[in-house]
Amino acid sequence: MDRIRIVGGQRLNGTIPISGAKNAALPLMIASLLTEDTLILDNVPRLVDVVQLQRILGNHGVDITIAGKRPGDDPNSGRTLHISAKTIVDTTAPYELVSKMRASFWVVAPLVARMGEAKVSMPGGCAIGTRPVDLLIMALERLGAEIEIEGGYVIARAKNGLRGGEINFPKVTVGGTHTALMGAALAHGTTVIENAAREPEIGDVADCLNKMGAKISGAGTSRIVVDGVARLHGARHAVLPDRIETGTYAMAAAMAGGDVLLQNARPELLQAALDVLVRAGATVTPTNEGIRIARNGAGLEPVEVTTAPFPGFPTDLQAQLMALMTRAKGTSHITETIFENRFMHVQELARLGAHIHLDGETATIEGVERLKGAPVMATDLRASVSLVIAALAAEGETMVNRVYHLDRGFERLEDKLARCGAAIERISS
Ligand code: UD1
């Protein structure tokens, strides 16, 4: 398995292009199941999770072609996928495929909405606490699907199609909101989704569905209304920039010091995280091209942060912020409210010399003057990248083992950082 070697102590200066958002690309690809026509997606990131989803969709009979680059095309822009679900040959998503990536469970909604049935394995994905699907099932039931759970599979049936209903989520769920949206888009009648997730990726998927002929209003707020339509058609849509990748490189720049332009990044997608970075002592400047992050000389200030659904501080940046705070001039507290057990990075950060104490959902981080390089192990997607951030400021060499997780969510990470002056390389095995 590949490893990444980092020698800390270099400042970051230059430009980092931000890729299309993984968490929008995946549901957008899944939305292709809702129509017989071709859905064209631009700015799709080159990630292992995207390839994995291509396999899952292929199993349902979906054809995906990837357009090549033409002379003059921006080398940093993502790929263009032409996705055609003209004929769905199989409505089962097997364990072997779904267990590798949680979001692939979301195929259940478009399959049952269009085909009247779906059999989808319970999901896998990052090992960050129990990640149930009860609310996704509740949403499908509210849309009239009959649900059976058998042998680790969720079987959803709606012989005469789904019908509009009231869905009131007791807890904000991104996957639940995607499920409700995709099901409701093709349901008979009107659906009202209350306490919907407001994450920008929900808005991006709703925009694309509307281009496909859906009638969705209120996406981006906690009350979404969907007037179901009989069929959806093809469309072309560009994936929005990845706010988690943006925040990750912003933290990396704050950690290493220097001055970095995060090209194509949009500040409104991660205002809460940018506010925290400013409190920590970074200079954040929105520009026409993206966001500039600089930190020169001065030390980092400690912060108090609690993760929350959008527009709050994202759980997907919690590990990266913790890495940053290991070097703050004082004690920080970070409380994780979205996922239990999302603290696997703590023991690995400790190997680099971090002082972190866990008490339930809250981590207390005592800033230290020096981190020291060490061999560490990548555990989940966001935890892995927190180790890279810490390593950028650690003395000597850090070897991040098992980088498979990084490749699931970060496109050309070592290349993007190396171009800004980081001493980082991939060692393939
Ligand atoms: C999505 C993101 C993930 C991010 C998370 C929270 C994608 C591909 N993944 O994951 O990167 O960390 O949102 O912002 O977009 N829950 C239930 N029952 C359910 C569903 C969820 O109790 O049926 C709980 C979860 O355990 C968790 C909370 O709801 O505590 C939020 O989870 P959810 O928003 O659904 O996360 P995902 O959609 O899986």
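**Exercise 1. Find what share of the chain is buried, and describe its overall dimensions.**

Solution. Begin with burial, where a residue counts as buried under 20% relative accessible area, as exposed over 50%, and as partly exposed in between, using a 1.4 Å probe and protein chains only: buried residues make up 55% of the 429 residues in the chain. This is a predicted model, in which local features need pLDDT of at least 70 and side-chain atom pairs count only at pLDDT 80 or more, while totals for chains, interfaces and linings use all residues. Residues are numbered from 1 along each chain as its sequence is written, and side-chain values use heavy atoms, with hydrogens and water left out.

Next, consider the dimensions: the C-alpha trace spans about 65 × 55 × 40 Å along its principal axes. The radius of gyration, taken over C-alpha atoms, is compared with a globule rule of 2.2 Å times the number of residues to the power 0.38; for 429 residues a compact globule would have a value near 22 Å, and the chain has 21 Å, which agrees.

Finally, turn to contacts, which are heavy atoms within 4.5 Å: of the contacts in the chain with a separation of 6 or more, 75% are between residues 24 or more positions apart.

**Exercise 2. Work out the strand order of the open sheet that contains E20, and state which strands stand at its edges.**

Solution. Helices (H or I, at least four residues) and strands (E, at least two) are DSSP runs numbered from the N terminus, and two strands pair if DSSP finds at least two bridges between them. The order in this open sheet of 4 strands is E18-E19-E21-E20, and the pairing is mixed. Strand E18 (304-306) and strand E20 (355-359) each have a single partner strand and stand at the edges, so one side of each is left without a neighbour in the sheet. From one strand to the next the twist averages 15°.

Now look at one pair in detail: E20 and strand E21 (residues 362-366) run antiparallel and are joined by 5 bridges, with Asp-359 standing opposite Thr-362 in E21. Helix H10 (residues 318-325) lies across E18, strand E19 (331-335), E20 and E21, and runs at about 170° to E19, where axes are lines fitted to C-alpha atoms, for helices over the stretch in contact, and angles run from 0 to 180 degrees between N-to-C directions.

**Exercise 3. Compare how many residues lie between the strands in the hairpins E16 to E17 and E8 to E9.**

Solution. Strand E16 (residues 283-286) pairs with strand E17 (residues 290-295) in the antiparallel sense over 4 bridges, and the hairpin joins them through 3 residues. In this pair Thr-283 stands opposite Ala-294.

Strand E8 (residues 146-150) and strand E9 (residues 153-157) are also antiparallel, over 5 bridges, and Glu-148 stands opposite Ile-155. Their hairpin has 2 residues between the strands, and there Gly-151 takes a positive phi near 55°.

**Exercise 4. Decide whether Ser-104 is buried or exposed, and list its surroundings.**

Solution. First locate Ser-104, which lies in the loop between helix H3 (95-98) and helix H4 (108-115). With a relative accessible area of 0%, Ser-104 is buried. Leaving out residues up to four places away in sequence, Ser-104 touches Leu-53, Ile-56, Leu-97 and Val-98.
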